[in-house]
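The entries below record what I looked up, item by item.

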Amino acid sequence: MNLFDVYPINDVTIVKAKGSYVWDDKGEQYLDLYGGHAVISIGHTHPHWVKRIEEQLEKIAFYSNSIKIPLQQELAMKLGKISGKEDYQLFLCNSGAEANENALKMASFHNGRKKIVAFSKSFHGRTSLAVAATDNKNYIAPVNETDNVIFLPLNDEKALEECFTKNGKQISSVIIEGIQGVGGINVAEVSFLKKIRTLCDEYGAVYIADSVQCGYGRTGKFFSHDFAGVNADIYTMAKGMGNGFPVAGLIIAPHIKPKHFQLGTTFGGNHLACVAALAVLEVLEEEKLMGNATLVGKYLRDELEAVPELKNVRGRGLMIGFDVPEELKDLKKNLLWNQKIFTGEAKPNVIRLLPSLALKKRDAEQFIESIKEEIALLQETAS
Ligand SMILES: Cc1ncc(COP(=O)(O)O)c(C=O)c1O
């Protein structure tokens with residue numbers, strides 16, 4: 001049997017990983033500034049995370065949600081404390097798309113409405129509602145097409161106001177990434193997030209903060225939406241939550257009440273997933289990784305801004321993007337093959353940095369040296 005070929009892949013087989021480094025099957029070492037798509041939050045195979053999972057594996061790995069699983073409550077308490085949303089309610093699931101799907105459904109159950117406001121260049125996942133709220137026609141199958149999603153330009157307060165004036169009483173939810181990831185590292189402005197809060201309050205709509213990629217401490221705050229100083233009604237999370245163990249969730253504000261069977265899951269919140277997520281929060285706190293994300297992120301941004309060839313350096317903490325001019329289009333590829341550094345990309349010409357939040361300053365320095373070297377080499381070959 002062949003694999004269903006859905007992605008172009010790099011010709012490399014990773015067999016080992018530690019901290020911010022990975023090794024291929026030939027023993028070659030790579031610096032990982034991509035984190036398997038923003039998933040590695042506390043560093044590859046962190047010893048505390050490995051120990052927590054191993055110990056749990058010896059006891060019980062899974063039982064369904066038909067019994068008490070105290071680890072879920074433990075996780076909810078810890079998450080509430082670290083995120084500062086102690087009065088929210090946690091629902092656990094398995095992936096970012098699933099978290100958003102459940103958030104959009106929950107909003108609609110709550111206010112009985114159908115319309116969703118989403119933004120240009122958004123990515124919310126590939127399940128039916130999540131993909132319908134994703135601004136990329138290539139991902140939307142005919143069966144996912146719906147008139148219920150209204151797309152507006154990101155950070156356009158006037159367009160948002162007009163949309164609410166026209167459709168206000170039909171709008172169930174507004175879903176927005178604090179920083180768009182797949183869309184190319186586009187930061188939602190503070191005043192725009194505040195405006196969403198105000199309009200959702202005025203019209204009874206639910207503000208959903210998609211924190212799947214930009215959340216879990218990556219920007220230096222637990223949720224990047226927190227930079228706006230207002231609360232969302234629902235936050236969705238996934239990627240960094242398990243440091244590679246598949247676990248996701250949504251936290252729901254206290255005014256949205258649960259009703260039996262509206263949401264549900266077989267695998268969500270299993271014992272192993274809970275300890276993986278707990279281990280991540282424990283390390284995040286113990287090693288002060290959000291502070292590290294702020295510091296090392298600032299260093300990277302300052303240094304990248306000083307490289308004249310790289311344009312529009314943007315982002316927060318360790319979620320950074322910059323534009324690469326056409327004549328340097330091989331830069332990402334050359335960083336991988338010549339310098340052995342993994343980075344991420346966004347079409348058409350953006351390099352995305354999504355490393356572990358434990359990235360060391362000396363690794364960031366190595367990256368800056370390497371990128372300068374590769375830019376010079378590309379310029380030399382062009383001239
Ligand atoms: C902002 C955002 N939301 C949702 C998703 C979907 O997450 P998953 O691939 O875990 O379903 C992603 C994945 O890249 C994402 O970046």
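Entry 1: I started with Asn102, which counts as buried because its relative accessibility is 7%, under the 20% cut-off. The model is a predicted one, and I keep that in mind for each entry. I located Asn102 in helix 4, which covers residues 96–111. I then listed what Asn102 touches, leaving aside neighbours within four places in sequence: the contacts are Phe91, Cys93, Leu250 and Leu263.

**Entry 2: confidence.** I looked up pLDDT next. The chain has a mean of 97, and 100% of its residues reach 70 or more. Where is confidence lowest in the chain, and where is it highest? I found the lowest in strand 16 (residues 344–346), with a mean of 93, and the highest in strand 10 (residues 206–210), at 99.

**Entry 3: helix 3.** I checked the length of helix 3, residues 70–83. Its 14 residues should span 20 Å at 1.5 Å a residue, and the C-alpha atoms at its ends are 20 Å apart, so the two values agree. Which residues of helix 3 are buried? I noted Leu71, Leu75, Lys78, Leu79, Gly80, Ile82 and Ser83. The list holds a lysine, Lys78, and a serine, Ser83, as well as leucines such as Leu71. After helix 3 comes Gly84, and I recorded a positive phi for Gly84, near 75°.

**Entry 4: the second largest pocket.** I looked up its volume, which is about 920 Å³. The pocket is lined by 32 residues, and those closest to its centre are Gln72, Leu90, Phe91, Leu92 and Pro258. Helix 3, strand 4 and strand 12 are the elements that give two or more residues to the lining. Helix 3 gives the largest share, six residues.

Entry 5: I turned to strand 13 (residues 311–316) and strand 14 (residues 319–323). The two run antiparallel and are joined by four bridges. Which residue of strand 14 stands opposite Lys311? I found Asp323 there. Strands 13 and 14 form a hairpin with two residues between them. In the turn, Gly317 has a positive phi of about 50°.

Notes
Residues numbered from 1 in each chain as written. Predicted model: local features only at pLDDT ≥ 70, side-chain atom pairs only at ≥ 80, totals over all residues. Heavy atoms only, no water. Expected span 1.5 Å × (residues − 1). Buried < 20%, exposed > 50% of the residue type's maximum accessible area, 1.4 Å probe, protein only. Pairing = 2+ DSSP bridges. pLDDT = per-residue confidence, 0-100. 1 Å grid on protein atoms, 1.4 Å probe; cavity = no way out; pocket = protein on both sides within 12 Å on 5 of 7 lines; lining within 4 Å. Points joined across faces, edges and corners; volume = space filled by probe spheres on them. Contact = heavy atoms within 4.5 Å.
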